[in-house]
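I opened the model to look up a few local features.

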Amino acid sequence: MSDQPLKGQKALVTGASSGIGAGVALALAAAGADVVVNYVSSLAGAQQVVDEIKAQGQNAIAVKADVASPDEVQAMFDEMMGAFGAIDILVNNAGLQQDAPFTEMTLAQWNKVISTNLTGMFLCTQHAVKAMLARGIVPGLSRCAGKVICMSSVHEVIPWAGHANYAASKGGVKLFMQTLAQELAPHRIRVNSIGPGAIQTPINRAAWDTPEALASLLKLIPYGRIGVPADIGSAAVWLASDAADYVNGQTLFVDGGMTLYPEFADGG
Ligand code: NAI
Ligand code: BGC
């Protein structure tokens, strides 16, 4: 892969004011892309990512939108088209947890997680794909007309007690992604997911911010360390690049081995 495999490309990363989204936005920019940094609440966080990208010499803008709102998503894409004129890469990263034992989970908790983690991907991807189809392949820019990367989770395959809404959303992402990959491949649009394991971000602070919690978490990670957003950023760059041109409909687990049934290493 060249140093800047995404040179000249335009990317949108949802939920990019913190955590994995911020790491992915910075990595795509370092690989040569201009980036729309979407945020829903933290303008300061988004602006910091924008400033870092501009300092690296790429263009970036912060755009506020709730990915679960059709009107706000429409406005975000209008702003992106006005500023950048095209979209080559969509990273559907925005997501959240609202955890509860199943019998105590409210309908509001269920709906919030499904609408953000799953319906948000539907809304954003539909806008992106329409724009990718309308423009088609640009020779010299990329071998395909567009790339969609969905931020799934190890919990698209690992059941997770106390997180029925979240696990259902990520299980939904798996077949959403695969179905779009099948449907859009003839148009040379690639759709893939990244399945992170435990990455140190605000979403799972309780799992790493005390030595006891971290020690318990590390029992689930054969590689023996918690992940960082840059681990996901480099995977996203590769998936979006022509080096992955024949990769379509796959979930790339980036999880230090969390999906390897670690409890069987000395059991079973
Ligand atoms: P995070 O909480 O730092 O990032 C989530 C981002 O999504 C935040 O910036 C938040 O403001 C944004 N967001 C939430 N609702 C939104 C909405 N309606 N519209 C637009 N943006 C919205 O946590 P993290 O870890 O960076 O999460 C990013 C993605 O990675 C999520 O989809 C999460 O499910 C996924 N993930 C995280 C893992 C981890 O261990 N940190 C592991 C597996 C998946
Ligand atoms: C969750 C994190 C969790 C990780 C590994 C992610 O999908 O958002 O809270 O630490 O999976 O279990």
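I call a residue buried under 20% relative accessible area, exposed over 50% and partly exposed in between, using a 1.4 Å probe and protein chains only. This is a predicted model, in which local features need pLDDT of at least 70 and side-chain atom pairs count only at pLDDT 80 or more, while totals for chains, interfaces and linings use all residues. Residues are numbered from 1 along each chain as its sequence is written, chains are lettered from A and ligands numbered from 1 in the order in which they are written, and side-chain values use heavy atoms, with hydrogens and water left out.

Entry: Asp 34.
I looked up accessibility and got 11% for Asp 34, which therefore counts as buried. I find Asp 34 in strand S2, residues 34-39 (strands are DSSP runs of E, at least two residues, numbered from the N terminus). I then looked for polar contacts, meaning pairs of N or O atoms within 3.5 Å; within protein, one must be able to donate a hydrogen and the other to accept it, and residues adjacent in sequence count only if both atoms are side-chain atoms. The side chain of Asp 34 makes one of 2.8 Å with that of Lys 10 and one of 3.1 Å with that of Gln 58. Taking contact as heavy atoms within 4.5 Å, and leaving aside neighbours within four places in sequence, I list Gln 9, Lys 10, Ala 11, Gln 58, Asn 59 and Phe 84 around Asp 34.

Entry: ligand 2.
I listed the residues with a heavy atom within 4 Å of the ligand. They are Gln 97, Ser 153, His 155, Trp 160, Tyr 166, Gly 197, Ala 198, Ile 203, Asn 204 and Met 258. I checked distances from polar side-chain atoms to oxygen atoms of ligand 2 and noted 2.6 Å for Gln 97, 2.5 Å for Tyr 166 and 3.2 Å for Asn 204. On its own, ligand 2 has 310 Å² of accessible area (Shrake-Rupley, 1.4 Å probe), and the protein covers 90% of it.

Entry: cysteines.
I searched the whole structure for disulfides, pairs of cysteine sulfur atoms within 2.5 Å, and the search gave 0. For Cys 144, the nearest cysteine sulfur is that of Cys 150, 14 Å away. Cys 144 is at 4% relative accessibility, so I note it as buried. For Cys 150, the nearest cysteine sulfur is that of Cys 124, 10 Å away. Cys 150 is at 0% and therefore also goes down as buried.

Definitions and conventions: Helices (H or I, at least four residues) and strands (E, at least two) are DSSP runs, numbered from the N terminus.
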